[in-house]
Amino acid sequence: MIELKNITKTYRVRKRSAGMKNAFKTFFKKDYEVIKALDDISFEINEGEMVGYIGPNGAGKSTTIKIMAGILTPDSGQANISGLIPWKQRTKYVKDIGVVFGNRSGLWWDVPVDDSFELLKNIYKIPDDVYKQQKTKLVKLLDIGEIIKIPTRQLSLGQRMRCEIASAFLHKPKIVFLDEPTIGLDAVSKIAVREFIKKINKEDKTTIILTTHDTQDIEALTNRIILIGKGKILLDGKLSDLKKKFSKKYLTVEFNGDIDQLCDGLIFIEKYKGRIIIELNENILTLAKAIAFLTSKIEILDLEVDNTSVDDIVVKLYQEYGI
Ligand code: ADP
Ligand code: MG
């Protein structure tokens with residue numbers, strides 16, 4: 001349903017140099033620098049999937065979203081989304097998709113949000129009954145019944161973002177691109193947005209591609225992660241597999257007795273009399289087996305198990321790929 005193949009995109013930016021004299025020189029010489037934002041990007045996403053598109057700042061996430069949304073044309077490569085080429089068949093294509101950019105408003109600034117919704121209804125030619133039904137649903141799920149009476153400019157970021165998201169779903173798109181939808185939001189709005197995304201993906205089978213920096217978003221929302229760094233896809237897989245690959249368990253054990261040797265899969269991190277912290281590699285040893293081993297050596301008085309957080313996993317991923 002979404003297929004990107006060998007997409008590349010470069011931006012040309014005028015080279016910056018210090019001083020007026022240099023600025024003039026640069027201006028006349030047309031000294032351009034080429035930035036390779038996307039370097040041979042390929043992936044496929046099936047109908048109904050929810051995918052987290054992650055990577056550090058400047059990795060190329062927004063550029064990919066803009067290309068998939070038909071806003072930008074790539075330098076080379078192909079895309080087939082819902083059977084259409086986004087940047088070529090845009091008029092037809094926009095009926096199938098919704099887009100939200102966390103750092104940009106898609107709503108009319110000076111009119112009540114509800115009026116923006118009406119305008120979108122006309123633009124997308126949404127039939128009365130569909131509009132009514134969908135708006136009622138969105139207003140309820142995002143809790144914006146009162147908020148939509150207020151002009152966009154007067155809303156808090158959290159209120160506005162909930163309205164932006166509603167606006168992207170009014171025409172019941174099959175695919176929605178959300179570029180950093182939770183950026184800068186307060187805790188309550190973040191949770192409201194996450195709950196909404198989860199629900200709409202599950203109930204309406206809306207395909208959702210979400211870019212985020214927020215590891216809690218990743219944890220709460222996505223099974224599949226596509227990692228991009230310096231314009232290249234570095235990894236495409238399940239969050240659960242990543243957890244297996246990168247996550248470690250730490251056992252803090254208070255005990256009676258002595259223990260000097262550990263078995264394969266266990267390493268001492270700290271060692272005191274009666275208290276040890278050990279790292280468990282679950283690829284080698286299960287937690288149950290680790291505990292069984294310890295029980296055979298010492299009398300356990302207390303045991304605590306800590307997991308690596310998704311934050312740690314993302315940091316390790318970035319380290320591993322040098323991005
Ligand atoms: P992300 O969303 O992952 O932070 P972007 O897709 O916005 O990354 O940017 C990818 C790269 O392209 C960055 O190096 C960025 O500076 C550059 N870039 C993005 N948009 C433009 C633009 N309009 N003009 C020039 N360079 C750009
Ligand atoms: Mg971005």
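Let me begin with one pair of residues: I54 stands opposite L227, which belongs to strand β8. Please keep in mind throughout that what we are looking at is a predicted model.

I54 lies in strand β3, residues 50-54, and this strand runs parallel to β8, with 4 bridges joining the two. β8 and β9 make a hairpin with 2 residues between the strands, and in the turn K230 takes a positive phi of about 45 degrees.

Is β8 itself buried or exposed? Its residues, 224-229, are buried in 6 of 6 cases, so the strand is largely enclosed by the rest of the structure. That cover reaches both faces, with R224, I226 and I228 buried on one side, and I225, L227 and G229 buried on the other.

Stepping back to the chain, its secondary structure amounts to 11 helices and 13 strands, and 44% of its 323 residues are buried. Of the contacts between residues at least 6 apart in sequence, 70% join residues at least 24 apart.

Finally, the surface: the chain exposes about 17,100 Å², of which carbon and sulfur atoms supply 50%, while the 51 positive and 44 negative charges have mean positions that are 8 Å apart.

Conventions. Residues numbered from 1 in each chain as written. Chains lettered and ligands numbered in written order. Predicted model: local features only at pLDDT ≥ 70, side-chain atom pairs only at ≥ 80, totals over all residues. Heavy atoms only, no water. Buried < 20%, exposed > 50% of the residue type's maximum accessible area, 1.4 Å probe, protein only. Contact = heavy atoms within 4.5 Å. Areas by Shrake-Rupley, 256 points an atom, 1.4 Å probe, with all protein chains shown as cover. Lys, Arg positive; Asp, Glu negative; His and termini not counted. Charge placed at Lys NZ, Arg CZ, Asp CG, Glu CD. Pairing = 2+ DSSP bridges.
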